[in-house]
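Subject: Structure handover

Hello,

Here is the structure we talked about. My notes on its helices follow below.

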Amino acid sequence: MDVDPGIDDSLALLLAGLSPEIELLAITVVSGNIEVDQAARNAKFSMRMIGRDDVMIAKGCARPIHRNYVDATDTHGIDGIGEMYFPKEEPEDHGSAIEVITRLLRLYPHQITIAALGPLSNLATILKQDPEVLSLAKEIIIMGGSVNVCGNCSPVAEYNFWCDPHAAKIFFDANVHNVTLVPLDVTYKILLTPNMREMIRQFKTPLSEYVTNITGFYVDFHWAQERTLGCVINDPLVIAYILDRSILNCKFGQVQVETEGIAMGESVVDFRQSDVRLTSAIAQSVDAKRFFKLFLTRLFSEHKSDIDLMIEKRMII
Amino acid sequence: MSKRKIIFDTDPGIDDAIALMTLLNYEPFDVLGITTVAGNKGIEHTTNNASKLVRYTRKDIRVYRGAHSSYARVVAGLPAEGRDGGNVHGEDGLGGVGLPVDPSNISSKSAIDFILDTVRKYPGEVEIISVGPMTNLALAIDMDEATMRKVKKIWSMGGGVFRGNVTPVAEFNYWFDTLSVEKVYSLGNDVDIVMVGLDATHQCIFDANDLAFIRLAAGEKGELIYAMVQDYLNAYWKFNKYIGIVIHDLLPVLMAIEPTVCLRLVHSNLRIVHDGLAKGQCIVDLVDSWKLEKNAFVAMDMDVRKCKELFMEVCFGKEVKENYQTVFPTL
């Protein structure tokens, strides 16, 4: 997992860490929602929360490839996870994210799924060093971009691509095999509502308290910014898709990224491109109900009966 | 046209508080006074809470202290039962929100005297919205039944036909003082009495989405209400597995404002059980099989959406209601 936790990244880490089908080899961190050092501490904090601090955490790029770095602390809080915890514990040093990803891909060729949930600075840096190594991945699933919906950083740009548009461009221009893009078009449907948060709060476990607390800031931000009631949790959708392929429907298209001007960070997708070597799978529709059932029961398995009852009573989904 | 004359008889209580804040914001009503009764909390708490809430709304309205116990205890000259501990309404009855205290709006006149004097002054004009045990009304009937038969209408939150809360078959307000319920409904041939019981109130769940909207979109009053209902929210999860709350006392207020929020109002005979396993249960002959005198209009179905929109509009203003309609579009 290549992440910038980040509130929704933290939720993605929890979902992956609590899913026995996934062998989480490494968490690599990049500056995005929050700068890389704090992002690494936040990753550590999330994994400790679920007793998974065995997972290696490695720090990557502190800056975008060219642009000046702009974080998203307005959305995620100055600590990156909603200003309730301010994690301070540093993860153990495992070398750089670039080295770790490269080493693991060579060690387990065609076996590794990379879930890239932050700016693509780390992957672009790897491509610049060695254009072949990412082709050793089984697949790469990216949360980023927006196709036919408004962006969240500009009318046409999503944060991960907007933060480091050059990295996104380098990545998609390289035509790496087996790439899936999960854009805002589908993640906007993953709205954690106040009803869900209240149910989670009532579970009254340390994890439920943590999830309630880190999403509070996010809810207030969404309301203030866009009058959305609840918070969009983009990143866990990628992990859920790894666990259950029926959650997303994809269509192939060529992704190109603008790096300059008022369309900076825009992902331009050409669905008419017929040369399959140039295309990626682009998520087009999502089964949000299936996502939430999976997400909630994985995080709060001991409350499965309550979750099922709330779904049955149509109180949360 | 002159304003409708209203007396609000209450035992605040969180849902009472929201009902009162809504009522006092409705300009076409002339709220003549607030009378208090023991119920959710003891009389000192409910009177102080009513006083604090009136002060919060900056209205020049008096609070009149009423019965400290149920009818049977008052008539027998027994002291109040201690019921001031923490329960679903929080330690102070208002969910622990610290509203400023200023008892200067509490009148020295008793609730019973106030009700009788007011009805004598405006015979056939006064509507009473009663959202606690009906002890004050029963004691007023004892003192001067002829006057009480000149009340225009009574909107009562209490009882239930197919639901209970304090027991499987009994609702708290009616269970707390069954004798008063019987006395009040004995006026039913002269006075229209509308029962808004648990059948109606439980249809209108304000869920956590609604409450989040109130916190975020409804200003300082919205934040106050949100803070006030937190204990209540916990209780509804614990006891009902609701992700939300039922604001029982609000519904008779909404019905008084706009009767069409009720979709099914059944004119029926209503009697109440005083003892035994079914104490506090309302025996309501909805289908008129016994051909007894009809003494109650019983609300059975509510237009939930309309209730919520009306609440948003009256309590917080037209803009908030329109915002609510945008955030929660109807399909």
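How many of the 9 residues of helix H7 (residues 165-173) of chain A are buried? The count is 8, so H7(A) is mostly covered (buried means 20 or more other C-beta atoms, placed from the backbone, within 10 Å of the residue's own). Among the buried residues are His166(A), Lys169(A) and Phe172(A). The buried residues pack against helix H5 (121-129), helix H6 (159-163) and strand E9 (248-257) of chain A. Helices (H or I, at least four residues) and strands (E, at least two) are DSSP runs, numbered from the N terminus. Just after H7(A), Asn175(A) has a positive phi of about 50°.

The model is predicted: local features need pLDDT of at least 70, side-chain atom pairs need 80 or more, and totals for chains, interfaces and linings use all residues. Residues are numbered from 1 along each chain as its sequence is written, and chains are lettered from A and ligands numbered from 1 in the order written.

Next, a pair in chain A. Helix H1 (residues 7-17) and helix H11 (residues 236-243) pack at about 25°, with axes 7 Å apart (lines fitted to C-alpha atoms over the stretch in contact; angles run from 0 to 180 degrees between N-to-C directions). That makes H1(A) roughly parallel to H11(A) (under 35 degrees).

In chain B, the axes of H5 (residues 135-143) and H8 (residues 178-185) come within 8 Å and cross at roughly 55°.

Regards

Terms used
Buried ≥ 20, exposed ≤ 12 C-beta atoms within 10 Å, placed from the backbone. Contact = placed C-beta atoms within 7 Å. Parallel < 35°, antiparallel > 145°, perpendicular 65-115°, else oblique.
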